Amino acid sequence: MIPFLRQQGFKGSLPHFRRINEKNIDLITFQFNKWGGSFIVELAVCPKQGVTMDWGEQIPPNKVTAHDIDKRFRLGAKSEDEDVIWFNFENAKNVGDFEKVALNVVNLLNISDLLWISKLFN
């Protein structure tokens, strides 16, 4: 996943990635199941200058994550309120198995369109 995200202009490190666009910052966060074996992908956008939290803390553009944003979209859901797709790697035994899970994520990400994540919230 990381090489793919880098090719699409995302910076950051697992689990948080960001891409600064002309009008906003695209945010992708991988949230792993605390019992292991699966994860979800959360998507969000914020202004280019970052975000100010309700209590006044300023999160700068190079530190903001999807978890800092109230309005998030989970990859594979049809709406913000719908249940999410958990990407399961619990039974993966080799590199090929892990690559299949990553390919499932890549096939749902349309991030080559710089406006794609923003469009999810319209």
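A residue is called exposed when its relative accessible area is over 50%, and buried when that area is under 20%. By this criterion, Glu99, Lys100 and Asn107 are exposed on one side of helix 2, the side other than that of its buried residues. The model is predicted.

- Strand 2, residues 16-20, pairs with strand 3 in the antiparallel sense through five bridges.
- Three residues separate strand 2 from strand 3 in the hairpin that they form.
- Within this pairing, Asp26 of strand 3 is the residue opposite Arg19.
- Strands 3 and 4 form a hairpin with five residues between them, and Gly36 in the turn has a positive phi of about 85°.
- Leu27 has Ala44 of strand 4 as its bridge partner, while Ile28 stands opposite Leu43 of strand 4.

- Eight of the ten residues of strand 4 are buried, which leaves the strand mostly covered.
- Strand 8, residues 87-88, runs antiparallel to strand 4 and is joined to it by two bridges.
- Opposite Ser38 stands Asn88 of strand 8.
- Strand 7, residues 73-74, pairs with strand 4 in the antiparallel sense, likewise over two bridges.
- Leu43, which stands opposite Ile28, has Phe73 of strand 7 as a bridge partner.

**Helix 2**

- Helix 2 comprises 14 residues, 95-108, and reaches 20 Å from its first C-alpha to its last, close to the 20 Å expected at 1.5 Å a residue.
- Its buried residues are Val101, Ala102 and Val105.
- These three residues lie on the same side of helix 2, because they cover an arc of only 95° around the axis.
- In an α-helix there are 3.6 residues a turn, so residues three or four places apart point the same way.

- Ile2 belongs to helix 1, residues 2-7.
- Ile2 counts as partly exposed because its relative accessibility is 34%.

Technical notes: Residues numbered from 1 in each chain as written. Predicted model: local features only at pLDDT ≥ 70, side-chain atom pairs only at ≥ 80, totals over all residues. Heavy atoms only, no water. Helix = DSSP H or I, 4+ residues; strand = E, 2+ residues; numbered from the N terminus. Buried < 20%, exposed > 50% of the residue type's maximum accessible area, 1.4 Å probe, protein only. Pairing = 2+ DSSP bridges. Expected span 1.5 Å × (residues − 1). Arc of directions from axis to C-beta.
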